[in-house]
Amino acid sequence: DAPELIDAEARVCGLTVPRYLDRRTRHQAQRDLGGITTLMLRVLPPAWFVSRMARVMTDTFNFGLPRVDVLGPDHLQLHITGVPEPLAPWLEHSIGVYGKAGVERAGRRNVEVRPLPADLRIDSGVNLHLDVRWGHASG
């Protein structure tokens with residue numbers, strides 16, 4: 001059972017489950033976003049990356065519909081509708097970690113990914129909203 005395995009992994013590492021999942025997600029994001037991906041991120045707009053990353057995550061797990069609203073040259077909001085309630089905290093955190101890491105790998109500074117209030121729809125799950133901002137590209 002996956003939750004029991006995660007509990008055991010966290011205990012072996014001497015961490016709480018939330019702290020363990022955070023470290024595990026950050027480690028995986030660094031591995032996933034290395035090499036050729038970093039080069040691609042340098043030439044693609046951050047909105048493309050955030051949109052694509054959210055689409056890959058929701059397609060992989062077969063739930064949710066992501067949409068990115070570009071609010072300015074260094075500001076966007078990500079909205080994901082139809083996330084199953086038990087998975088919403090995990091997806092919100094994972095997308096925050098991957099979003100920040102990817103936008104940083106694209107050379108942007110002062111990246112902030114902040115969850116906005118989510119709304120629960122009885123008939124269709126949770127709608128997640130994340131605000132993403134960054135500073136100018138570095139050298």
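A salt bridge here is a side-chain nitrogen of Lys or Arg within 4 Å of a carboxyl oxygen of Asp or Glu. Keep that cut-off in mind for the first stops.

This is a predicted model, in which local features need pLDDT of at least 70, side-chain atom pairs count only at pLDDT 80 or more, and totals for chains, interfaces and linings use all residues. Residues are numbered from 1 along each chain as its sequence is written, and side-chain values use heavy atoms, with hydrogens and water left out.

**Stop 1: Glu-9 and Arg-24**

Select Glu-9 and Arg-24. They form a salt bridge, with the closest N and O atoms 3.0 Å apart. The pair links distant parts of the chain: Glu-9 sits in helix H1 (residues 2-13) and Arg-24 in helix H2 (residues 17-32), 15 residues apart. Helices (H or I, at least four residues) and strands (E, at least two) are DSSP runs, numbered from the N terminus. Glu-9 is partly exposed, at 23% relative accessible area. Arg-24 is partly exposed too, at 40%. The classes are buried under 20% relative accessible area, exposed over 50%, and partly exposed in between (1.4 Å probe, protein chains only).

**Stop 2: other salt bridges**

How many salt bridges does the structure hold? There are eight. Select Arg-19, Asp-22 and Arg-26 next: a network of salt bridges links them.

Move to helix H5 (88-105). Lys-100 and Glu-104 both lie there, four residues apart, about one turn of the helix. Their closest N and O atoms are 2.7 Å apart, in a salt bridge. Lys-100 is partly exposed at 29%, and Glu-104 is partly exposed at 37%.

Now pick Asp-131 and Arg-133. This salt bridge has its closest N and O atoms 2.8 Å apart. Is Asp-131 buried or exposed? Asp-131 counts as buried, because its relative accessibility is 3%. Arg-133 is partly exposed, at 39%.

**Stop 3: the nonpolar core**

Hide the surface and show side chains. A nonpolar core is a set of buried Ala, Val, Leu, Ile, Met, Phe, Trp, Tyr and Cys residues joined through side-chain atoms within 4.5 Å. The largest one has 27 residues, and Ile-80, Leu-91 and Ile-95 have the most contacts inside it. Two or more residues come from each of helix H4 (46-61), strand S2 (75-83), helix H5 and strand S4 (125-133). H5 gives the largest share, seven residues.

Centre on Ile-95. Which residues does Ile-95 touch, not counting residues up to four places away in sequence? They are Met-53, Ala-54, Met-57, Leu-78, Ile-80 and Leu-130. Contact means heavy atoms within 4.5 Å.

**Stop 4**

Select S2. Seven of its nine residues are buried, so the strand is mostly covered. Strands pair if DSSP finds at least two bridges between them.

Seven bridges join S1 to S2, and the two run antiparallel. They form a hairpin with two residues between them.

**Stop 5: a nonpolar surface patch**

Turn the surface back on. Select Ile-36, Leu-39, Met-40 and Trp-48, which make a nonpolar surface patch of about 430 Å². Patches are made of residues with over 30% relative accessible area and no salt bridge; like charges are joined within 9 Å, nonpolar side chains (Val, Leu, Ile, Met, Phe, Trp, Tyr) within 5 Å. Areas come from the Shrake-Rupley method with a 1.4 Å probe; for residues, only the protein chains shown count as cover. Helix H3 (residues 36-43) gives the most to the patch, with three residues. Trp-48 lies in helix H4 and is partly exposed, at 39% relative accessibility.

**Stop 6: Arg-55**

Stay on H4 and select Arg-55. Its relative accessible area is 30%, so Arg-55 is partly exposed. Arg-55 touches Leu-65 and Pro-66, leaving aside residues up to four places away in sequence.

**Stop 7: two loop asparagines**

Most residues other than glycine have a negative phi. Asn-62 has a positive phi of about 60°. Look for Asn-62 in the loop between H4 and S1, where it is exposed at 70%. Finish at Asn-110, in the loop between H5 and strand S3 (112-121). Asn-110 has a positive phi of about 50° and is exposed, at 65%.
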